[in-house]
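Dear colleague,

Please find the structure below for your records. My notes on it follow.

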Amino acid sequence: MIIQISVFLENKPGRLEKVLQILYDNDINLRSISVAETSDYGVTRLILDKPAIAVEKLKAENFIVKETSVLGLEIEDRKGAMLAAIKELAVNEISIEYTYSCLPINDNKVIIIVRVDNMERAIDVLKDSENCRLLNCEDMII
Amino acid sequence: MYWNERIETISRDELTYIQNEELCKMIRRIYHNVPFYRKKFQEIGLYPEDIKSVEDLSKLPFTTKQDMRDNYPYGLFAADLSEIVRLHASSGTTGKPTVVGYTREDINNWSELCARSIVAAGGTTDSVIQIAYGYGLFTGGLGLHYGAEKLGASAVPVSSGNTDRQLMLMKDFNTTFLACTPSYALYLADALEDQGISPKELNLKAGIFGAEPWSENMRKEIEKKLNISAHNIYGLSEIMGPGVASECACKNGMHIWEDHFIPEVIDPITLEPLPYGSFGELVFTCITKEGIPLLRYRTRDLTTLHNEVCQCGRTHVRMDRIMGRSDDMIIIRGVNIFPSQIEDVLLEIGEVEPHYQLIITREGTLDFLEVQVEVTENLFSDKIKNLESLTNTIKQRLSSVLQLSAKVTLVEPRTIARSEGKANRVIDRRNY
């Protein structure tokens, strides 16, 4: 499993820029970003190479930050690969809260980030899967 | 036109005589029936005999809303529950409302004063009075209802809300007189316009509007849009309800019915009484109330009293429209709100030190409340559905505590301005 950082951002100009600036200033590399938005605010979800430093620096600038464990699944870059991995979660009745894609680290492979309702069970189901490889935090340091 | 010409135009000397008599009787009654006041008197070494006339008023202790809370629900009643025929309550600041009780005689007097107020605004026995104030624990609806019946007018107890039905009744029942909050009067006027109904098609002649602050500009607008004469009415449940004071045809202030209440204006800081014509906090002493007669009750409303004789012939002093508050209470759609009520809800939901701000706006003619809450690590979640359920929970709790729906917006930490370590809780963007 890998660590995702979520940041609460009001819908106003310059807020995301501020977050990205803090990451840049601290030499933190962004692997993936996804924004879930409502009419008043958004939750920005980030996959980073140095999540612990990012949390510390963002908090110092008064951002509300949360660390969450998510699944990082490396799958083949071909039709039906994601379906096969997700199917394993589905047959085991694991519910997906949200998902988005992430920059690849190996050729011919893609990475998807999945937030599930039961992490332990999901890891148990996927750890020996033929359809995907479970990534861990170290995989994100490139 | 008067409802009770003898009393309404009584000479100042006679009025003072009545006030002296009633005040002395009241002090003796309160001293014997209300342990809270007896204790207060004893603490400052005051005996009922020390109060001989209105001149001695300033010797009496003040009563505050906090005293009512501390003595919830019946601690300040001067009559036995067997004599109480009705209870009303206003929203409280700590989850508990402020409770008031009326004896049969209190209801009679209240009806009399509401009848006087309606007549002063042009109502007659022929009037069809549409009462679009809320009925229920709030005193507005029932207070004016009893006044309309006492007068012998036809009361239409439609209560607040349901605008389409209000307009239908207004047309079909030939309503001549409207009673509601001034903002709702404007809302109704706009709804009429939207439906293409000209006020000339209606029979409306006059209205009394109160329970929230409004301005001369709003009066002009209501009068123009509804083609009526619009009158200001003042009251508060602690003292009685609507009809403590009301405007006559001269519209130069509201006559306080002084044969029942003695008004004073004090400096809210030094608490010293101020002479007529000075701006300050309005204080009332009840001299006829049986259920819950309060002494020198601090209304927190800021105004000025005028004792010059009014052209209408009424001799009772006039108070200006309310110009503000000496506490942080705000009134939205006739509902009294204290920022601390919002704070309590947030504390309940699990915020240790909630940072929040109330933003009040007027869209068209209606007031809206937005509550901005700074997100904390406790409240934050990476899942939108959790954040949405949080705002919904806050909304529901606020609506049940305030009896008013508010928009709840989550904002980033430290976005609410803090001054001297204390946040500025209220931003009122309404133009009166």
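How many residues does the contact take from chain A and from chain B? It takes 24 residues from chain A and 19 residues from chain B, contact meaning heavy atoms within 4.5 Å. This is a predicted model, in which local features need pLDDT of at least 70 and side-chain atom pairs pLDDT 80 or more, while totals for chains, interfaces and linings use all residues. Residues are numbered from 1 along each chain as written, chains are lettered from A and ligands numbered from 1 in the order written, and side-chain values use heavy atoms, without hydrogens and water.

The interface

About 1,900 Å² is buried between chain A and chain B, carbon and sulfur atoms giving 56% (accessible area, 1.4 Å probe, lost on being put together and summed over both parts). In chain A, the residues that lose the most area to chain B are Phe8(A), Tyr41(A) and Ile64(A), together 32% of what that side buries. The interface has 6 salt bridges (side-chain nitrogen of Lys or Arg within 4 Å of a carboxyl oxygen of Asp or Glu). One of them links Glu97(A) to Lys383(B), with the closest N and O atoms 3.0 Å apart.

Strand S3 of chain B

On strand S3 (residues 128-131) of chain B, Val128(B) and Gln130(B) on one side and Ile129(B) and Ile131(B) on the other are all buried (under 20% relative accessible area, 1.4 Å probe, protein chains only; strands are DSSP runs of E, at least two residues, numbered from the N terminus). S3(B) pairs in the parallel sense with strand S4 (residues 154-156) of chain B over 3 bridges (pairing requires at least two DSSP bridges). Within S4(B), Val156(B) is the bridge partner of Gln130(B).

With kind regards

How values were computed:
Buried means under 20% relative accessible area, exposed over 50%, partly exposed in between (1.4 Å probe, protein chains only). Helices (H or I, at least four residues) and strands (E, at least two) are DSSP runs, numbered from the N terminus. Buried area is the accessible area (1.4 Å probe) that two parts lose on being put together, summed over both.
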